[in-house]
Amino acid sequence: KQWYQRRVAITAGDDLVKSWNWRDDFLDYKATLKGHQLGVVSVTINAAGTVAASSSLDSTIKLWDLDSSKQIKSIDAGPVDCWTVAFSPDGQYIGSGSHSGKINLFGIESGKLEQSLDT
């Protein structure tokens, strides 16, 4: 793998996401990603290692460009409806587990709810 594909992103439950590059078995701090208004509860990175997604108690999903450390999109996930996030294998959707037990699929490009699945 190329070094740029080896990324780590975490949250400590506050409103921040921190990112690192992983090179030669060493974590190199990259940036603190700011934009959420309440605690971040989940973070994931796409398969290419270029975009992170974070979900928060502020009911948003934020997409972050990991090269520039800039927010590239904010998706309104609805009230208390955004607990976990994961990219689809093709990178076209973000799946979010909701408090109500539904899985919501949002289009990356559109930022819109594309489908809601009952669990």
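1. By the rule used here, there is one aromatic pair. Rings of Phe, Tyr and Trp (its six-membered ring) pair if their centres lie within 6.5 Å; planes under 30 degrees apart count as stacked, over 60 as edge-to-face and the rest as tilted. The partners are W20 and Y29: their planes meet at 75° with the centres 5.9 Å apart, so this pair is edge-to-face.

2. A word on the basis: this is a predicted model, where local features need pLDDT of at least 70, side-chain atom pairs count only at pLDDT 80 or more, and totals for chains, interfaces and linings use all residues. Residues are numbered from 1 along each chain as its sequence is written, and side-chain values use heavy atoms, leaving out hydrogens and water.

3. How exposed are W20 and Y29? W20 is buried, at 19% relative accessible area, while Y29 is partly exposed, at 44% (buried is under 20%, exposed over 50%, partly exposed in between; 1.4 Å probe, protein chains only).

4. Now the sheet: three strands form an open, antiparallel sheet in the order β1-β2-β3. Strands are DSSP runs (E, at least two residues) numbered from the N terminus, and two of them pair if DSSP finds at least two bridges between them. β1 (7-10) and β3 (26-34) are the edge strands, each pairing on one side only.

5. Strand β2 (residues 16-23) runs antiparallel to β3, and eight bridges join them. Opposite N21 you will find D28 in β3.

Conventions: Helices (H or I, at least four residues) and strands (E, at least two) are DSSP runs, numbered from the N terminus.
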